[in-house]
Amino acid sequence: MTTSISLAEQPWGATPATAMNQSSDPRILYTLGMEGVSLALWTGGLSENLASTLDTLPASRLPEMRQSLQLDQVSTAVHATCIEAGAEICADTLADYITDIAQRASAVFDTPFLNIRLDVTRDQPCPKWHLDAVPARLLCTLRGPGTEFGPIGQGDAPQSIHRMTRGAIGIFRGALWPARQPAGILHRSPPCHDTRLLLVIDPVWHEKGN
């Protein structure tokens, strides 16, 4: 299980990267490694059909999962999770949607091995501004309000606060980003009094020879 790192714990050894690249073109995700960029945000959204289906599901039937998978295992795993949760109505479409996102994440991360989570939450489980203790992380809100984010400022708050739209796909540099320039865009869960469904994808990088 990954944890988050607070601003006080982050060893800023260089000027942090605080730029965001945003576009309706999915190729924007590949710009995460550019100098100064800590967030690549694709503003594509959910289909109306999938969004309305997820909205009609009772919270108790929203799919939850936490698995380490190879790319070719993602579709089967998501489909099985939906069936187990009683969300048969969206099993095919959600499996297809998450598989497409996983394929893009795999290409950006340059690894076929991924940690994939579907989190069902209520209220605000991560209210503090933070960096995740991972090299990079993809976030996509499937139901409910999107993740809040902003460039690092003074103290424990960002300079400005923005919110991802539902269905937008953002890949954030994490605290363990393997480059000289550290991550400089913080994020947190949004205030929410309804049930939220969040997709999280992290890379799994195996050492060569293992």
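This is a predicted model: local features need pLDDT of at least 70, side-chain atom pairs count only at pLDDT 80 or more; totals for chains, interfaces and linings use all residues.
Helix α2 (residues 74–85) lies across β4 and β5 (113–122), and α2 runs at about 160° to β4.

Two packed helices are described by the angle between their axes and the distance between the axes. For α2 and α3, the axes come within 8 Å and cross at roughly 145°, and the crossing is right-handed. On the α2 side, the contact is made by Val74, Ser75, Val78, His79, Cys82 and Ile83. Helix α3 contributes Ala91, Asp92, Leu94, Ala95, Ile98, Thr99 and Ala102.

## The seven-stranded sheet

Now to the strands. An open sheet of seven strands has the order β2-β3-β10-β7-β12-β5-β4, with mixed pairing. Its edge strands are β2 (19–23) and β4 (65–70), each of which pairs on one side only. From one strand to the next, the twist averages 20°.

Strands of a sheet pair through backbone hydrogen bonds, either parallel or antiparallel. The pairing of β2 with strand β3 (residues 37–42) is parallel and runs over five bridges. Within this pair, Ser23 has Trp42 of β3 as its bridge partner.

With β5, the pairing is antiparallel over nine bridges, and Asn115 stands opposite Asp202 of β12. With β7, the pairing is again antiparallel, over five bridges. Here Thr141 stands opposite Leu198 of β12.

## Helix α1 and its buried face

Helix α1 (residues 48–56) has Leu50, Ala51, Thr53 and Leu54 as its buried residues. Seen down the axis of α1, these residues fall within an arc of 165°, so they line one face of the helix. An α-helix has 3.6 residues a turn, so residues three or four places apart point the same way.

The buried residues of α1 pack against α3 (91–109), β7 (136–143) and β12 (195–203). On the other side of α1, Glu48 and Thr56 are exposed.

## A buried threonine in a loop

Thr31 is found in the loop between β2 and β3. This threonine is buried, because its relative accessible area is 14% and the cut-off for burial is under 20%.

What does Thr31 touch, leaving aside residues up to four places away in sequence? The answer is Asn21, Val37 and Ala40. There is a polar neighbour as well: the backbone oxygen of Ile28 lies 2.7 Å from a polar atom of the Thr31 side chain.

## The three-stranded sheet

Let us finish with another sheet. Three strands form an open sheet in the order β9-β8-β11, with antiparallel pairing. The edge strands are β9 (162–163) and β11 (185–188), and each pairs on one side only.

Strand β8 (residues 148–151) and β9 pair in the antiparallel sense over two bridges. In this pair, Phe149 has His162 of β9 as its bridge partner.

Terms used
Residues are numbered from 1 along each chain as its sequence is written. Side-chain values use heavy atoms; hydrogens and water are left out. Two strands pair if DSSP finds at least two bridges between them. Helices (H or I, at least four residues) and strands (E, at least two) are DSSP runs, numbered from the N terminus. Axes are lines fitted to C-alpha atoms, for helices over the stretch in contact, and angles run from 0 to 180 degrees between N-to-C directions. Contact means heavy atoms within 4.5 Å. Buried means under 20% relative accessible area, exposed over 50%, partly exposed in between (1.4 Å probe, protein chains only). A polar contact is a pair of N or O atoms within 3.5 Å; within protein, one must be able to donate a hydrogen and the other to accept it, and residues adjacent in sequence count only if both atoms are side-chain atoms. The arc is that of the directions from the helix axis to the C-beta atoms. A crossing is left-handed if the near helix is turned anticlockwise from the far one by less than a right angle, and right-handed if clockwise.
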